[in-house]
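Please keep the sequence and the structure in view while reading.

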Amino acid sequence: MKKVSITFLGASGTVTGSKFYIETPEINILVDCGMFQGLKELREKNWQPLPIDVSKIDVVLLTHGHLDHSGYLPRLVKEGFKGSILATEPTLAIARIILLDSAKIQEEQAKKANEEGFSKHPVALPFYDLKEAENTIKLFVGCVKDDWIELSKNIRFKFKFNGHIIGSTFIHLEMFGKVFVFSGDVGRLHDELLSPPERPQWADYLFLESTYGNKLHPKENVVEILTKLIEKTINERGTLIIPSFAVERLQLLMYLLWQMYKKNKIPNIPIFIDSPMGNNVLNVFQQYPDWHKLSMNEFDAMCNHVNIITSYADTWKTIDDPRPKIVIAGSGMVTGGRVLTYLKQLVDEPKTNVLLVGYQAEGTRGRQLLEGVHELKIFGKYYPVKASIHLIESLSAHADQAELLHWIDAIKNIPENVFLIHGEPNALDAFKVKIRDTKGWECHIPKLDETLDLLL
């Protein structure tokens, strides 16, 4: 028998910071390497050294490129990791964009904090800088989905398509005759841009995301909601601000608005896309057409329908533009990015509408807006909120409870262990009960930094 240890270094009791460390007699593996986001107590964990010997990690396997799955990589390298970082080619393209963008933002925020003196530290430092991000990218190794990759004599794995965002996968990992399945973030069954997720057929040990483990996405008429909001914006001669995740959500919104215009659902209202990272992601869609459903003709027409902002000077021109308009800007949870510039200038105007279009984690400005906060703190200053706040939940790139249950329904065996990860406590608890009642499987909800020893 072989002893395998699993340490839950993130996404345990929370939706952020995905990191799962696997120690085996042959090789040591880290599945995902995400940053914590949201609550301050979680963000502070990013600055604490990991409770493992990072130099002993041989390889990192990335399910997809989102910051909460890849954003800790430069710190990992700084702490002594020298191995390879494996993922599909589009995931590495997304991770490259996200890491460079994250490093740039962190450098800018540290500089601003030092200049304006709103940091509590004598000198504010970036979590990592551009040079550290670039050094990390040198360790990237692209893999073909569905191809077996041998890591050692008794350990091999393959990446399997799971929707969610371009390049995203779940991991089928075989160790000493046992199958470990890491779900990553499972995508939607019906997605305008992506095919339905493939499903695992066997899992002795299942690591299952639970973001919406306690919820069904509402049956919303997204086109109708958008149409009414756009009419309101035109009538009030205001601005519709849509904070958006740069990967997938931004492209989906572009596609929906283009389709609505084509079908005469909305007039030709100016649409501004202000997300440098989102613009780079459009290039990834162009580069990897086999990973999404759009034809190149559709893709080009969609891009030509909007105004893509490339400079910060144009951000200010857009703010000053008196016409009714739609602005889609990063970031999706209002934690950073260009959307903060728009909100600083326009959130105190009653004719501004803010539309949130995805999951808003605890501790983020997006969650505060949803909960009706009367003022928003941005870079140490408070801005009164007089804008109308709206929400569309059904555009989420995460499977809901029913879709997650559908995803695991293809598993032919009864897993020896099911670990519920990547969820807030209420979602984890509800999903645990639901799986027990519907499948008869017992689940374990791991605690942060918990280590479990398995004998295979």
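In this predicted model, Ser394 touches Arg188, His217, Pro218, Glu220 and Val222, leaving aside residues up to four places away in sequence. Ser394 sits in the loop between strand S19 (388-391) and helix H13. Its relative accessibility is 14%, and buried means under 20%, so Ser394 counts as buried.

Ser394 also belongs to the lining of a pocket. The second largest pocket holds about 590 Å³ of space. It is lined by 25 residues, and those closest to its centre are Arg188, His190, Val222, Ser394 and Leu395. Helix H6, helix H7 and helix H13 (401-408) are the elements that give two or more residues to this lining. Among them, H7 gives the most, with three residues.

**The nonpolar cores**

Which residues have the most contacts inside the largest nonpolar core? They are Met302, Ile326 and Ile328, in a core of 48 residues. At least two residues of this core come from each of helix H4 (89-116), helix H6 (222-236), strand S12 (239-243), helix H7 (249-262), strand S13 (271-274), helix H8 (276-287), helix H9 (296-304) and strand S15 (325-329). H7 gives the most to this core, with nine residues. Because domain 1 (3-215 + 397-455) and domain 2 (222-392) both give residues to the core, it lies between them. In soluble globular proteins, nonpolar side chains tend to be buried together.

Ile328 touches Ile242, Ser244, Leu250, Leu253, Leu257, Ile271, Phe272, Ile273 and Asp274, not counting residues up to four places away in sequence. A second, separate core has 30 residues, including Val4, Cys143, Leu173 and Ile421.

**A buried glutamate**

Glu209 lies in strand S11 (residues 205-209). With a relative accessible area of 0%, Glu209 is buried. Residues up to four places away in sequence aside, Glu209 touches Ser183, Gly184, Asp185, Val186, His398, Leu404, Ile421, His422 and Phe431. Glu209 and Ala11 are 198 residues apart along the chain, and their C-alpha atoms are separated by 8.7 Å.

**Backbone features in loops**

His422, one of the residues that Glu209 touches, has a positive phi although it is not a glycine.

| Residue | Phi | Relative accessibility | Loop between |
|---|---|---|---|
| His422 | about 55° | 3% | strand S20 (417-421) and helix H14 (425-439) |

Ser331 is found in the loop between S15 and H11.

**The annotated region and helix H11**

An unreviewed UniProt entry lists residues 250-369 as "domain: Beta-Casp". Over these residues the chain is 47% helix and 13% strand. The end C-alpha atoms of this stretch are 20 Å apart.

Helix H11 spans residues 339-346. How many of its eight residues are buried? Six of them are, and the helix is mostly covered. The buried residues of H11 are Val339, Leu340, Thr341, Tyr342, Leu343 and Leu346.

Methods: Residues are numbered from 1 along each chain as its sequence is written. This is a predicted model: local features need pLDDT of at least 70, side-chain atom pairs count only at pLDDT 80 or more; totals for chains, interfaces and linings use all residues. Side-chain values use heavy atoms; hydrogens and water are left out. UniProt positions are given in the numbering used here, feature names are shortened, and annotations may be inferred rather than shown by experiment. Helices (H or I, at least four residues) and strands (E, at least two) are DSSP runs, numbered from the N terminus. Buried means under 20% relative accessible area, exposed over 50%, partly exposed in between (1.4 Å probe, protein chains only). A nonpolar core is a set of buried Ala, Val, Leu, Ile, Met, Phe, Trp, Tyr and Cys residues joined through side-chain atoms within 4.5 Å. Domain bounds come from an automatic or database domain assignment. Contact means heavy atoms within 4.5 Å. On a 1 Å grid over the protein atoms alone, a cavity is a set of points where a 1.4 Å probe fits but cannot get out, and a pocket is an open set with protein on both sides within 12 Å along at least five of seven lines; lining residues have an atom within 4 Å of a point. Grid points are joined across faces, edges and corners, and a volume is the space filled by probe spheres set on the points.
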